[in-house]
Amino acid sequence: MSTTRDAVHQRYRSAALRMADPSASCCGPDCCGSSDEVAECGTAYTSDQLAQVGLDSSISLGCGNPLLLVELHPGETVLDLGSGGGLDVLLSARRVTPRGHAYGVDMTDEMLALANRNRDRSGVENATFLKGTIEQVPLPDDSVDVVISNCVINLAEDKGAVIREAFRVLKPGGRLAVSDMVELRSLPSAVKRDLEAHAGCIAGTIPVEEYRQLLIDAGFESPDFEITGEQRVQAVPGAIGSASIRAHKPTVSQ
């Protein structure tokens with residue numbers, strides 16, 4: 001693994017072990033959504049949503065709720081990039097029944113173990129968690145209707161590769177719905193080089209226009225960004241923000 005990926009892997013391995021403790025809470029130092037990094041940790045899910053799977057928001061390390069950005073239909077197939085403890089996968093699986101399926105991809109063994117325990121606890125049967133990276137998704141071309149992700153793409157060194165993979169696995173007309181962190185004002189170079197800041201969803205952020213261009217270059221149509229929150233970083237002039245991102249794959253090849 002690269003040094004950056006190793007830092008991310010170690011952070012989320014630790015987070016999975018912490019979340020496996022029933023007394024753990026969401027807003028700890030291992031969360032992308034921790035109170036000292038991104039505001040409103042764990043507030044994006046309603047009690048009704050959580051009751052559907054018998055879990056709580058402590059298993060989410062995200063910066064939003066991508067399921068608010070897309071309407072899922074029975075029979076559809078959903079993929080969550082960087083599925084962590086599995087909350088978005090399990091909620092998606094509930095929405096696409098009957099005949100639908102939800103997949104999650106994660107590179108961390110401890111997160112996959114946690115997600116599978118949460119699946120068993122929730123009683124959801126149409127969910128599968130796969131080991132892999134978001135740059136190389138272990139699913140075939142044109143195989144899913146919706147790709148979601150929650151505060152994960154910013155962690156990737158090669159975001160273009162991630163976005164191209166999302167495009168590859170989507171069926172024609174498929175939808176992308178992502179909650180992620182973006183750079184609103186330039187961060188100091190020292191922060192951008194900080195591995196802990198990268199693993200904490202700060203240093204790996206990119207400006208909205210750069211993100212938009214990666215989506216367009218991959219082939220997505222109508223990329224739309226909405227900034228939903230802003231956070232200054234470590235008392236420096238730069239700032240990051242949480243963003244809701246939508247796009248879709250053309251219905252016919254271009």
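Seven strands build an open sheet of mixed pairing, in the order β3-β2-β1-β4-β5-β7-β6, where strands (E, at least two residues) and helices (H or I, at least four) are DSSP runs numbered from the N terminus, and two strands pair if DSSP finds at least two bridges between them. Because β3 and β6 (221-232) stand at the edges with a single partner strand each, one side of each has no neighbour in the sheet. The model is predicted, with pLDDT of at least 70 needed for local features and 80 or more for side-chain atom pairs, while totals for chains, interfaces and linings use all residues. Numbering starts from 1 along each chain as its sequence is written, and side-chain values use heavy atoms, without hydrogens and water.

Within the sheet, β4 and β5 run parallel and are joined by 6 bridges; here V147 stands opposite L176 of β5.

Both V147 and L176 also belong to the largest nonpolar core, a group of 31 residues in which they are among those touching the most other members, together with L79, L81, Y211, L215 and F220. Such a core is a set of buried Ala, Val, Leu, Ile, Met, Phe, Trp, Tyr and Cys residues joined through side-chain atoms within 4.5 Å, buried meaning under 20% relative accessible area with a 1.4 Å probe, protein chains only. Its largest share, 5 residues, comes from α5. F220 touches residues including I163, F167, L176 and L215, contact being heavy atoms within 4.5 Å.

Helix α3 (residues 87-96) is mostly covered, with 8 of its 10 residues buried. Those buried residues pack against elements including α2 (47-53), β1 (77-81) and α4 (109-122).

How values were computed
Buried means under 20% relative accessible area, exposed over 50%, partly exposed in between (1.4 Å probe, protein chains only). Lists of a residue's contacts leave out its neighbours within four places in sequence.
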